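Biologist: Thanks for sitting down with me over this one. Shall we go through the fold together, one question at a time?

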Amino acid sequence: MTSAEDRRAAYTARFDYPLNVYVAMLELEHGSFPDSLHFGLWQEGSTCAEAQQAATALLFEHLRPACRILEGGFGLGTTALRLLESGYDYVAVGPDAGQVANAQERVGDKARFELSKFEDFPIQDEKFDVLLCQESAQYIQPPVLFTNARAQLMTDGQFLIMD
C-alpha cells in the first residue's frame, strides 16, 4: 500500500461510520488527506482547502476576543488548534471515539475533548462565552439544540452556527 492508502485505511478503521467514509472521500476527491472536515465556504473555482480556509476566516471575523468556547463537533481538531493558538480556552464534544482520540492527540492537553453527543452532554455549572457548531447543528433537533445552548452559555453568550 502507498502512504496515502495506509493513511486512508488507518482513518477508515479509526473513525465510525459515516465519518470514516467522509474522510476517505475527501482524500480521494481532493488528492490529499483533509486538514478539516467541514464543507467550507465555496466560491466559484475554489478548492476544498480554500473553501475551508474561507469558512475559518469568516468564523474568526465574528468571534469575540479570546474567551471560553464550547464546540459541538470538532472535525479533526484543526479549528481547535487555531483557536488555542489565538488565546481561546477550548472544550469540544463529539460522539465518535476515534475522532476524540485523533483531536486529543493533535492538540495534547491544551484542550478538552469529551466523548458525547451534544444533546447528551451533561449541563454543568461551567458556562461558556461562545458555543460553536460547524456542520453539526443540523444533526440536532432544534428544541434540544437551543435549550442546551441556553444552558451552556453565559447570559451574554454568543451562539455561532456555521452549517
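Modeller: Gladly, and keep in mind that this is a predicted model. Buried residues account for 45% of the 163 residues in the protein chain.

Biologist: Which residue of β2 stands opposite I69?

Modeller: Strand β1 (residues 68-72) pairs with β2 in the parallel sense, over 5 bridges. Within β2, the residue opposite I69 is Y90.

Biologist: And in β3, what is the bridge partner of G94?

Modeller: β2 also pairs with strand β3 (residues 112-115), in the parallel sense and over 4 bridges. The chain gets from β2 to β3 through helix α5 (residues 97-107), in a right-handed β-α-β crossover. The β3 partner of G94 is L115.

Biologist: Which residues touch the most other members of the largest nonpolar core?

Modeller: Nonpolar side chains tend to be buried together in soluble globular proteins. Here the largest nonpolar core has 21 residues, and those touching the most other members are L63, I69, F74, Y90 and F113. At least two residues of this core come from each of α3 (48-62), α4, β2, α5, β4 (128-134) and β5 (153-162). F113 touches, among others, F74, Y90 and V100, leaving aside residues up to four places away in sequence. So the names to remember, given how many other core members they touch, are L63, I69, F74, Y90 and F113.

Biologist: How many residues does the second, separate core have?

Modeller: That core includes V91, F121, A137 and I140. Its residue count is 13.

Biologist: What is the phi of E135, and is E135 buried or exposed?

Modeller: Most residues other than glycine have a negative phi. E135 sits in the loop between β4 and α6 (142-152), and its relative accessible area of 16% makes E135 buried. Although E135 is not a glycine, its phi is positive, at about 60°.

Note on methods:
Residues are numbered from 1 along each chain as its sequence is written. This is a predicted model: local features need pLDDT of at least 70, side-chain atom pairs count only at pLDDT 80 or more; totals for chains, interfaces and linings use all residues. Side-chain values use heavy atoms; hydrogens and water are left out. Two strands pair if DSSP finds at least two bridges between them. A crossover is right-handed if, with the strands pointing away from the viewer, the path from the first strand over the helix to the second runs clockwise. A nonpolar core is a set of buried Ala, Val, Leu, Ile, Met, Phe, Trp, Tyr and Cys residues joined through side-chain atoms within 4.5 Å. Buried means under 20% relative accessible area, exposed over 50%, partly exposed in between (1.4 Å probe, protein chains only). Contact means heavy atoms within 4.5 Å.
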